[in-house]
Amino acid sequence: NEQIVLASRPEGMPNEENFRYETVETNRPDEGQVLLKTLYLSVDPYMRGRMSDAKSYVAPFQIDEPLNGTVVAEVIESRSEQLEVGDKVTGFLEWKKFNVADGHTVRKIDDKIAPISAYLSVLGLTGLTAYFGLYDIGEPKEGETVVVSGAAGAVGTIAGQLAKLKGCRVVGIAGSDDKIDYIVNELGFDAGLNYKKSDNLQKELEEACPNGVDVYFDNVGGEISDAVMNLLNTHARIPLCGAISSYNRTDGDLGPRVQTKLIKTRAKIQGFVLNDYQDRFQEGTEFLAQYVQNDQLKYEETIVEGFESVTDAFFGLFQGTNLGKQLVKVADP
Ligand code: NDP
């Protein structure tokens, strides 16, 4: 068996030295447990936070211990009554080629609804994050303008399309022309802005949002958010989903710098954590699955192959190498 452990806590941008690939023995399943072969593994920006030992809503990774995250796996040995050999499941598992898990801690998935990788993207945590963050906190209404940052990523692509489904004008901000082309021409966003190329994002945003901004779905924080916040309408809503522009900074959080803007506009800004919606995952997954099956919700996955690619795939999130959800394919079923 192979695993990836945290060798040291990153300072600033993580690099190869913070991780170690190791060969270890494969455990055998006890009564009630299953042996799982990892098929797809998800790398996610929030994992950066768990690599630090700062207090947060999820426990930090431990030095010399395997990292973990959401995985799609195949049951290859079962001592659980709930699961059979050949079943595909998803769950929180360690970054290993093979995991032993209690049968009740993983969830069987249905590859007739969507390909199994989709349970780590549109039907997984990132799709659900877009669904609850946009609909519960953003509350977009027909005709309103919704701006999404990190718009070509896993959460952003879904959040923007969910806003389109409500009849909103949707403007996405992302880091390459190809990404802008994708969100506008494939996903139907009304406009897209490449923040890496722009020398005046504020002005471009004003042009793209002639009626101001009613909902800002924020995945990135920092200067991009400062520009959007200047355009908030009265009673705007801002679901604070992520702040990736701050995750690798050693000199503290970049903001959003918004106090007077919020007072003047009576806007509502609210951070949220997907874990808090666990009792509604079923509802969210069913909603997303229905729109995926009707072809009204598209999703993209950037899939790299091989267990040895996991750390590079993770680093790529901070360089923007992914379009849609970044996944690693570890093995064929
Ligand atoms: P993405 O698929 O969006 O991947 C990360 C993207 O962030 C990159 O592709 C890159 O795109 C962009 N990015 C990287 N660095 C910067 C930067 N300095 N400034 C602006 N953009 C940057 O990841 P996810 O969809 O999985 O996550 C999106 C956000 O949502 C993250 O902040 C994440 O932490 C958060 N999140 C929050 C959850 C919650 O429960 N609150 C749950 C899941 C995710 P580009 O080329 O456009 O720069």
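α2 and helix α8 (residues 281-293) pack at an angle of about 100°, and their axes are 10 Å apart. Axes here are lines fitted to C-alpha atoms, for helices over the stretch in contact, and angles run from 0 to 180 degrees between N-to-C directions. Helices are DSSP runs (H or I, at least four residues), numbered from the N terminus. The angle makes α2 roughly perpendicular to α8, a term kept for angles of 65 to 115 degrees, whereas those under 35 count as roughly parallel, those over 145 as roughly antiparallel and the rest as oblique.

The model is a predicted one, in which local features need pLDDT of at least 70 and side-chain atom pairs count only at pLDDT 80 or more, while totals for chains, interfaces and linings use all residues. Residues are numbered from 1 along each chain as its sequence is written.

From α2, the residues G127, L128, Y131 and F132 meet F281, G284, T285, F287 and L288 of α8, where two residues are in contact if their C-beta atoms, placed from the backbone, lie within 7 Å. The residues of this contact of α2 with α8 divide into six nonpolar, three polar and no charged; Ala, Val, Leu, Ile, Met, Phe, Trp, Tyr, Cys and Pro count as nonpolar, Asp, Glu, Lys and Arg as charged, and the others, Gly among them, as polar.

| Helix pair | Angle | Axes |
|---|---|---|
| α2 and α8 | about 100° | 10 Å apart |
| α2 and α3 | about 45° | 8 Å apart |
| α5 and α6 | roughly 45° | within 9 Å |

α2 and α3 are therefore oblique to each other, and α2 passes α3 in a right-handed crossing, one in which the near helix is turned clockwise from the far one by less than a right angle, left-handed being the anticlockwise case. Residues of α2, including T126, A130 and L134, meet residues of α3, among them A154, I158 and L162. By class, this contact of α2 with α3 has 10 nonpolar, four polar and no charged residues.

The crossing of α5 and α6 is right-handed. In this pair, L201, Q202 and L205 of α5 meet I224, A227 and V228 of α6, and the contact of α5 with α6 has five nonpolar, one polar and no charged residues.

The chain is divided into domain 1 (2-121 + 299-329) and domain 2 (125-275), with bounds that come from an automatic or database domain assignment. Taken over C-alpha atoms, the centres of domain 1 and domain 2 are separated by 28 Å, and 17 residues of domain 1 are in contact with 19 residues of domain 2. The side of domain 1 that touches domain 2 has six nonpolar, seven polar and four charged residues.

Conventions
Helix = DSSP H or I, 4+ residues; strand = E, 2+ residues; numbered from the N terminus.
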